[in-house]
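Work through the exercises below with the sequence and the structure side by side. Try each task yourself before you read its solution.

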There are 2 protein chains.
Amino acid sequence: MTETVTVAVDANGCDHGPAEVAAAAAQAAAGGTRVLLFGPAAEIGGPGPGVEVVDAPVSIAKAPEPVSAVRSTPQASIVQAARAVAEGRAHALVSGGSTGAVVAAGVLHVRRARGIHRPALAVPLPSPAGPTLLLDVGANVEARAAHLVQFAFLGAAFARSVMGVARPRVALLSNGTEPGRGTPLTLEAGAVLGQRTEELDFVGNLEATELTAGAADVVVTDGFTGNVALKALEGASQTVIGAVRDAATGSLRGRAGGLLLRGALGSFRRRIDPERTGGAYLLGLSRLAVLPHGRFGRAGYAQAIALAERGVCERVGERTYATLAAAGALRVAASEPASSVAAPS
Amino acid sequence: MTETVTVAVDANGCDHGPAEVAAAAAQAAAGGTRVLLFGPAAEIGGPGPGVEVVDAPVSIAKAPEPVSAVRSTPQASIVQAARAVAEGRAHALVSGGSTGAVVAAGVLHVRRARGIHRPALAVPLPSPAGPTLLLDVGANVEARAAHLVQFAFLGAAFARSVMGVARPRVALLSNGTEPGRGTPLTLEAGAVLGQRTEELDFVGNLEATELTAGAADVVVTDGFTGNVALKALEGASQTVIGAVRDAATGSLRGRAGGLLLRGALGSFRRRIDPERTGGAYLLGLSRLAVLPHGRFGRAGYAQAIALAERGVCERVGERTYATLAAAGALRVAASEPASSVAAPS
């Protein structure tokens with residue numbers, strides 16, 4: 001693909017301010033990506049060649065009701081960025097801050113891809129054994145079996161195209177590994193996925209203990225369970241890391257130990273650093289959206305823009321559609337009402 | 001309460017063998033508890049005064065289909081122990097090993113308490129800030145709002161009676177803290193619990209990041225989500241602790257640091273040691289059942305027996321019933337079919 005890729009980037013929503021996002025945009029532009037940057041022009045300044053600033057000072061990144069904020073604030077930077085993607089002025093969307101606002105803007109403006117029931121929010125879980133993509137982590141609070149089946153294909157296509165996994169192992173998050181374990185929802189989805197082995201390397205049920213153990217490349221669940229699992233992982237990691245830090249600062253002896261361990265622990269922390277993964281991905285829209293975390297700095301935002309560009313170059317959308325079509329897993333127009341917009345966190 | 005408490009203990013299912021459970025029983029008996037010990041008499045020997053051994057060499061602790069194993073194996077030690085409780089020969093049940101077999105034996109033989117829809121499996125999550133009781137973690141894979149409401153009362157009564165929390169804060173596990181966030185199930189349960197503030201200190205929604213942060217004493221969810229959350233916490237803790245261990249053994253420098261930190265980290269590990277909590281609890285049966293983990297040694301089993309006895313002395317069942325009755329949250333006989341038996345892990 002020789003055409004220059006254009007990424008619409010929302011400069012609002014970053015804890016470090018719009019100028020930090022502009023710095024990431026400049027970095028991406030230096031690498032050959034064209035960036036349309038939506039944010040407060042007065043704060044952004046001139047990020048340099050390859051970055052076109054669109055003045056959009058209104059931010060809804062902190063709006064308590066993201067869905068209604070998207071509907072009622074057409075001038076908001078995230079809405080303008082999503083519309084640029086919808087109208088073909090950009091190929092992909094990058095926005096940090098409020099997940100709810102990005103999902104709502106994506107669903108309402110970029111819209112679902114052909115044949116897709118629902119978009120899904122996917123997060124690469126950092127693990128020493130390499131990332132595991134968990135989806136849905138909150139684009140929808142409820143799911144039907146047909147949705148989970150599509151999530152499996154969406155996740156596998158993304159893992160192949162963007163994460164570079166040749167043959168991603170796809171698992172279903174459940175409360176036990178035996179085929180008979182699970183809810184009616186996971187049992188039904190598992191039965192369908194078990195018959196799609198030509199198109200998908202489905203490895204069956206996976207327990208949450210294995211989410212950070214490298215046991216699968218893609219793990220599928222409903223948005224409520226995925227959100228709970230993701231946050232449980234974050235909470236436990238923070239608790240244990242906090243206890244280690246306390247131990248390494250609590251006494252002279254502990255401080256000496258902490259200093260000696262710093263190098264080795266630092267390498268672990270870099271391996272599990274979420275900024276390396278670019279954030280979360282909204283899959284199943286007609287264009288890819290990447291959601292860096294609001295606390296990311298320019299490195300994380302630059303990585304998000306780079307991954308959005310890679311998704312465009314690798315034609316992740318077209319490839320997903322082709323695999324879904326081959327597996328007979330596309331939505332039939334009349335069978336499903338238009339997707340509603342939930343409010344993920 | 002001056003009557004001696006009798007606890008029925010299953011000696012099978014412990015990774016360290018029945019003699020280890022017998023040692024725990026002897027310890028409990030020395031403290032004044034009477035123990036009926038069901039297991040292979042030949043391996044147990046004579047544990048001493050206060051422990052009556054009932055020869056029950058058949059174990060179904062590793063049976064792949066626990067529900068049918070309970071139905072088809074009346075001579076199994078767990079079934080005999082559950083029947084002893086059901087028939088009034090013991091006041092409470094302690095069994096480690098297969099959660100599925102204990103839940104099935106409890107539901108089929110001990111039976112549900114009056115007015116209870118479903119039993120729930122509760123686990124005290126070890127956290128530096130003190131334990132948080134999470135339920136259901138897998139007695140049932142699905143739940144209705146009325147079940148979650150009862151779980152809240154079951155958990156609160158247990159936290160008061162056995163964990164010694166005067167006014168337990170009860171939360172609902174959800175994907176966001178705002179009142180409007182959640183599934184139809186959690187929203188309905190939250191609306192009911194929000195009106196029960198006289199009987200219950202309901203603090204609203206809680207995100208899974210807070211499960212190990214001491215933000216609530218009791219956290220309520222359905223058995224599938226609870227199982228996933230519990231295992232995600234375990235997996236993340238193991239991953240981070242493993243990385244710290246690797247750092248502290250990987251190089252000479254790291255090993256020296258690890259030695260210096262050992263004391264402080266050991267105190268953290270003792271605080272989060274699950275053996276201190278006695279294991280999991282099956283609440284909502286006519287008698288309390290405590291499930292030490294199969295990997296526990298005599299200390300963990302002795303703690304499980306001690307907590308079972310405390311539950312009996314504190315009349316946790318009667319107090320739960322009284323609070324549920326006052327809150328109008330008891331099951332009406334005709335509204336619900338008899339509880340089926342799921343297969344938790």
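**Exercise 1.** Which residues in H5(A) are buried?

*Solution.* The model is a predicted one, and the step that decides each case is a count, since a residue is buried if 20 or more other C-beta atoms lie within 10 Å of its own. Going along H5(A), the buried residues are Thr99(A), Gly100(A), Ala101(A), Val102(A), Val103(A), Ala104(A), Ala105(A), Gly106(A), Val107(A), His109(A) and Val110(A). Because 11 of the 12 residues of helix H5 (residues 99-110) of chain A are buried, this helix is largely enclosed by the rest of the structure.

As a next step, look for what covers these buried residues: the cover includes helix H3 (66-72) and helix H4 (77-86) of chain A, together with strands E4 (92-94), E5 (120-125), E10 (280-283) and E11 (289-291) of chain A. Finally, H5(A) is followed by Arg111(A), which has a positive phi, near 75 degrees.

**Exercise 2.** Describe the side of chain B that touches chain A.

*Solution.* Begin with the contacts, in which 51 residues of chain B meet 51 residues of chain A. Then find the elements that give two or more residues to this side of chain B, which are helix H8 (223-247) and helix H9 (252-271) of chain B. H8(B) gives the most, with 18 residues. Sorted by class, this side of chain B has 25 nonpolar, 19 polar and 7 charged residues.

**Exercise 3.** How far apart do the C-alpha centres of domain 1 and domain 2 of chain A lie?

*Solution.* First take the bounds from the domain assignment, which gives domain 1 of chain A as 6-227 + 272-335 and domain 2 as 233-268. The C-alpha centres of these two domains of chain A lie 32 Å apart.

Key
Residues are numbered from 1 along each chain as its sequence is written. Chains are lettered from A and ligands numbered from 1 in the order in which they are written. This is a predicted model: local features need pLDDT of at least 70, side-chain atom pairs count only at pLDDT 80 or more; totals for chains, interfaces and linings use all residues. Helices (H or I, at least four residues) and strands (E, at least two) are DSSP runs, numbered from the N terminus. Two residues are in contact if their C-beta atoms, placed from the backbone, lie within 7 Å. Ala, Val, Leu, Ile, Met, Phe, Trp, Tyr, Cys and Pro count as nonpolar, Asp, Glu, Lys and Arg as charged, and the others, Gly among them, as polar. Domain bounds come from an automatic or database domain assignment.
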